[in-house]
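Trainee: I have a structure open and would like to go through it with you. Can we start?

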Amino acid sequence: MQHRIIVLGAGYTGATAAGRLARRLRREDVAITLVDAEPDFVERVRMHQLATGQDLRPRPFADMFAGTGVELKPARVTGVDVERRTVAVTGEHGAEELEYDTLVYALGSGWNDQGVPGTAEYAHEIAGRPGALRLRERLARLDAGQTVVVVGGGLTGLEAATEIAEARPDLDVALAARGGLGDWLSDKGRAHLREVVGRLDITVHEHTDVTGVEADRVTTADGSSIPAAVTVWTTGFAVHPIARATALEVTGTGQIVVDRTMRSVSHPDVYVVGDAAMVTGPGDKPLRMSCASGIPTAWQAADAIAARLTGGKIPTVPLRYFNQCISLGRKDGLIQYVTADDRAVRAALTGRLAAVYKELVCKGAAWGVAHPLLTPARRRRVVREAARAEAPASLTRV
């Protein structure tokens with residue numbers, strides 16, 4: 001009998017885990033099924049580009065997993081019964097139930113409205129393709145001089161604000177941040193960010209807590225308001241709610257509690273990767289929800305599953321950070337180097353070379369889904385070498 005492995009979700013982590021399992025295990029021993037409602041891979045880190053009218057390269061799952069033995073199941077997950085070891089899905093043939101021996105839960109996260117009144121009714125989000133396409137359509141209808149307010153001063157907010165401002169210089173783009181602009185960055189990183197924001201003529205509202213969203217404005221904690229023909233909400237992510245409805249042990253945020261091998265502490269036949277997992281890194285700090293955090297968890301889970309099924313030694317994948325990559329439009333960027341636990345150090349790469357580096361990181365992340373056995377060290381070397389090759393000679397001396 002084949003051991004049945006079901007992977008729920010084909011984002012960066014789920015797709016990586018499925019591909020890595022297929023290359024670690026023999027087809028005659030395991031049956032791997034990858035469940036996702038989308039027909040092709042969604043590059044979540046590029047949703048701000050999609051929202052501003054750029055067309056992204058299609059990456060059909062059928063092509064990415066051709067010849068791997070992974071069975072693709074186009075369906076939406078509606079429930080998980082971890083006691084009966086079944087998954088409820090709805091696809092083109094209606095509702096059905098799938099049985100598993102090992103489950104890889106990779107349903108990820110969506111936007112988090114933080115419970116702020118009016119966000120669901122009036123705000124746009126770019127946590128996924130449907131939201132990015134709705135924002136794309138809305139931005140296309142805006143007339144010159146109208147205001148777009150991006151709420152949230154983290155990586156997603158910075159990328160959205162700068163991308164919109166660069167693509168639509170005729171619009172009045174503003175950014176509302178609860179803290180200071182880039183206050184977690186190094187001095188060099190903050191200085192460059194402020195220079196780019198100024199050049200793109202983005203109005204920044206620092207130390208501003210947005211407490212409500214209306215059709216034509218956002219309101220703040222001090223009682224004032226900021227005009228907004230369009231509000232883009234980028235204040236973090238919330239995990240998919242299905243896990244909370246199961247018997248799995250979860251945290252207050254709905255993330256599933258796992259051990260160092262990404263195995264559920266309450267149900268050992270379930271592994272969890274990406275944003276859905278409560279994972280601690282260096283210093284016992286929870287990893288932030290990101291592609292940089294998620295992909296190593298997929299490697300760890302796949303390697304642990306393969307080792308346990310074959311009787312091998314379970315390897316340990318480093319769960320640490322190296323840098324934060326921020327695109328600031330298509331022509332500029334910021335690579336903030338960080339400690340293992342994600343604290344900024346003095347070194348930062350800026351400007352055009354940083355934009356090239358970030359683009360190669362995005363390409364590398366998508367390429368790595370179809371080539372999941374590339375080691376972390378080798379992946380970083382590939383990106384560095386490609387960045388040097390693509391950058392103009394004058395920039396490689398920066």
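Trainee: Is C325 buried or exposed?
Mentor: C325 counts as buried, at 15% relative accessibility. Buried means under 20% relative accessible area, exposed means over 50%, and partly exposed is in between, with a 1.4 Å probe and protein chains only. Before we go on, this is a predicted model, where local features need pLDDT of at least 70 and side-chain atom pairs count only at pLDDT 80 or more, while totals for chains, interfaces and linings use all residues. Residues are numbered from 1 along each chain as its sequence is written, and side-chain values use heavy atoms, with hydrogens and water left out.

Trainee: Where is C325 found?
Mentor: In strand β20, residues 323-327. Strands (E, at least two residues) and helices (H or I, at least four) are DSSP runs, numbered from the N terminus.

Trainee: And what is C325 in contact with?
Mentor: Leaving aside neighbours within four places in sequence, C325 is in contact with E159, L334, I335, Y357, K358 and V361. Contact means heavy atoms within 4.5 Å.

Trainee: Now the helices. At what angle do the axes of α1 and α8 cross?
Mentor: At roughly 30°, and the axes come within 8 Å. Helix α1 is residues 12-24 and helix α8 is residues 291-310. That makes α1 roughly parallel to α8. Angles under 35 degrees count as roughly parallel, over 145 as roughly antiparallel, 65 to 115 as roughly perpendicular and the rest as oblique. The axes are lines fitted to C-alpha atoms, for helices over the stretch in contact, with angles from 0 to 180 degrees between N-to-C directions.

Trainee: Which residues meet there?
Mentor: From α1, they include Y12, T13, T16 and R20. From α8, they include G294, I295, T297, A298 and W299. The residues of this contact divide into ten nonpolar, four polar and three charged. Here Ala, Val, Leu, Ile, Met, Phe, Trp, Tyr, Cys and Pro count as nonpolar, Asp, Glu, Lys and Arg as charged, and the others, Gly among them, as polar.

Trainee: You listed T13. What does T13 touch?
Mentor: Not counting residues up to four places away in sequence, T13 touches A106, V273, G274, G294, I295, T297 and A298. T13 counts as buried, because its relative accessibility is 11%.

Trainee: How many residues does the largest nonpolar core have?
Mentor: It has 63 residues, and those with the most contacts inside it are I5, L8, V77 and Y105. Helix α8 gives the most to this core, with eight residues. A nonpolar core is a set of buried Ala, Val, Leu, Ile, Met, Phe, Trp, Tyr and Cys residues joined through side-chain atoms within 4.5 Å. A second, separate core has 32 residues, including I126 and L171.

Trainee: Take L8. Which residues is L8 in contact with?
Mentor: Among them are V35, V77, V87, L103 and Y105, leaving aside neighbours within four places in sequence.

Trainee: Change of topic. What is the phi of D201?
Mentor: D201 has a positive phi of about 60°, although it is not a glycine. Most residues other than glycine have a negative phi. D201 is in the loop between α7 (187-199) and β11 (203-205). D201 counts as exposed, because its relative accessibility is 62%.

Trainee: And what about the phi of D284?
Mentor: Positive too, at about 55°. D284 is in the loop between β19 (277-278) and α8, and at 57% relative accessibility D284 counts as exposed.
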